[in-house]
Amino acid sequence: MSTDDGRGDNETEGTGAKPTVDAKNTPASDGGVRNDQASDVPTRIREQFENIKQTRRRRAVGWVALAGFLAFTTVQAFAATELLDPDARLGTFVDSLSEFFPITFYFDVIPFLDFTQYISFMRHENLLYDPEIGGLLFQWPPSTADIYAFFFTELGIFQIFGEAGITLAMGFVGTMVGFPFALVFGTLGSERVTPFPFNFIFRGTMSFIRAIPAIIWTLIFIPFLGLGPAAAATAIAFDTIGNLGRLFVDELEEIEDGPIEAMRTTGASKPQIVFFGMLSQVRTAFIAWTLYIFEINVRIAVTVGVLGAGGLGFIVTSQQNLLQFTNMMATLISIFILIISVELFSQRLRSRLRADDIEMSLWELITGFPRRMAESALK
Amino acid sequence: MSYIEVDGVTKRYGDVVALDDVSFEVPAGEFVIVLGVSGSGKSTLLRTMSGLLQPTEGRIVIDGEPMTSPRPEVAMIFQQHNIIGDMSAYSNALSGGIHRTGFLSSVLQLQDTSEKHRALEALDTVGLLEESEQKARRMSGGQQQRVGIARALVQRPDVLLADEPVASLDPGSAQSVMGCLRTASEERDLTTFCSLHQVNIARKFGHRFIGLRDGRKVFDGYREDLTIDVIDDLYGDIDTEGMFATDGNRSKETNEEAAAT
């Protein structure tokens with residue numbers, strides 16, 4: 001009904017009749033009526049509409065200015081990175097691509113990516129599996145002495161995976177060694193544990209460690225431990241202190257006061273309040289973050305390997321230096337397989353930890369893995 | 001035994017007066033219930049008595065010693081349980097006695113057997129012996145609160161302070177939690193202070209009652225003195241005045257929370 005009335009008013013106004021109904025709503029002072037429809041809208045609403053319009057316009061000008069500024073800056077950055085006048089060699093690139101992806105012909109006609117070249121290099125360089133170590137474990141009939149040798153004299157759990165195992169081990173050692181330090185630094189860096197100016201001793205140390213990338217830390221440790229996985233693993237451990245510690249500090253910002261107060265009223269000592277009142281609240285989160293950092297550390301292990309520290313990263317550079325692009329691609333595929341496996345495992349475990357459902361034990365998680373993989377592959 | 005003396009305690013948060021010159025004395029072994037509407041200062045009173053807060057004026061003396069910081073002899077039970085969700089009921093109960101243990105042995109749970117028996121005894125008192133290995137987070141609200149009581153008992157306190165222990169529970173759980181509290185304090189001869197806003201539960205379980213209103217003590221007496229007039233005075237005008245007092249009360253509460261964090 002009311003809308004009908006309104007429309008009726010509009011029509012009467014449109015025909016030039018006197019606005020009788022809205023006369024008291026529209027003061028005489030607002031004579032600047034631009035169209036017929038606006039005249040029956042109360043001033044308050046029109047003012048607000050004008051306000052909004054102006055704000056929008058101002059905002060649009062702001063966005064345009066920002067876009068212009070970004071474009072200008074980007075051009076300068078292009079110049080600084082020599083992309084304005086690149087020394088591009090498309091032919092060479094295409095040549096290398098055909099080596100990256102070697103093509104073979106089935107029955108001399110059907111082109112097909114030649115996986116055999118990749119696989120033969122993977123086997124030749126033991127990228128994913130070391131048959132010498134693996135042979136101890138997988139033989140028929142099984143030999144107890146060899147199995148003992150595999151686990152306790154050859155220490156083959158990582159080495160069975162060849163170069164990928166070395167990369168994985170660098171990430172693993174880095175995480176394991178870095179974790180306790182990250183825990184100490186992260187906890188002491190929290191303002192709730194260490195009073196304000198002093199916690200910055202720990203936060204500052206962590207910031208300093210983070211400011212220098214792991215690859216540079218490896219360079220720093222090379223004189224100490226020589227060019228090899230040892231220096232790389234140490235560097236990754238160092239890097240872990242900075243990154244994981246920072247995540248711990250952030251996590252500790254968000255805990256609740258309740259359990260801390262409860263622990264205070266039991267008469268607990270300061271370290272006990274920290275452990276029971278604070279750390280117990282973030283235990284799951286800390287484990288999840290550590291798994292996440294482990295994922296990242298395996299990736300870092302690839303990059304520091306490029307320096308010559310061993311593992312898959314080292315194979316990538318050496319093959320690149322030899323211009324063996326097919327072999328390089330084979331290594332990249334191995335890296336892909338390694339990283340994806342680690343991520344699958346870690347993310348699976350983390351979602352288990354986060355989701356507070358009926359816990360699957362670690363054992364179930366590992367033994368059930370092939371079945372779950374098969375199930376999801378069949379879907 | 002413990003003797004509590006609250007002497008002219010005033011607590012201010014900026015302009016807001018949460019407690020206004022509250023004084024009373026409690027002999028050992030009484031079961032005292034603090035009554036009042038939300039924002040009347042019950043929480044502040046209990047938190048001040050526990051040593052978590054310091055009064056602006058006045059002092060609180062328990063067993064001859066002023067409460068300047070939390071002490072093991074004074075245990076506290078919280079409305080939100082404040083137990084550790086990631087630990088089992090047993091580990092939570094055990095954590096009540098950590099003031100008697102060093103850091104490493106409390107972390108690794110290397111307390112001596114008598115201490116561990118004490119934790120299980122306390123869980124038995126609150127009726128959770130069977131569930132002692134359950135994770136606290138997976139327990140119901142009433143069970144969690146009883147774990148909180150068990151933890152307070154393991155502390156071996158002389159004084160038990162309970163800040164609205166049943167406020168977030170359904171009536172059945174509230175009865176059983178209050179029952180636990182009452183049994184525990186009788187068995188162990190504790191002086192108990194419990195704040196409540198449900199009058200029916202209060203009448204059922206309390207010996208002595210202290211009524212607070214707008215931070216002032218307006219009633220102090222035993223069961224026979226708690227007449228319907230007194231309750232009317234504490235709560236009766238809530239229908240009318242409540243509508244005007246809501247805002248003030250609410251801001252007071254948020255201030256309390258802000259000061260607590």
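Tutor: Two strands count as paired if DSSP finds at least two bridges between them. Helices (H or I, at least four residues) and strands (E, at least two) are DSSP runs numbered from the N terminus. This is a predicted model, where local features need pLDDT of at least 70, side-chain atom pairs count only at pLDDT 80 or more, and totals for chains, interfaces and linings use all residues. Residues are numbered from 1 along each chain as its sequence is written, with chains lettered from A and ligands numbered from 1 in the order in which they are written.

Student: Which residue of β5(B) is the bridge partner of B:V61?

Tutor: The partner is B:P66. Strand β4 (residues 57-62) of chain B runs antiparallel to β5(B), and 2 bridges join them.

Student: What is the strand order in the open sheet of 4 strands in chain B?

Tutor: Strands of a sheet pair through backbone hydrogen bonds, either parallel or antiparallel. Here the order is β2-β1-β4-β5, with antiparallel pairing. In chain B, β2 (16-26) and β5 (65-66) each have a single partner strand, so one side of each lacks a neighbour in the sheet.

Student: In which sense do β7 and β8 of chain B pair?

Tutor: Strands β7 (residues 159-163) and β8 (residues 191-196) of chain B are parallel, with 5 bridges. B:V159 stands opposite B:T191 in β8(B).
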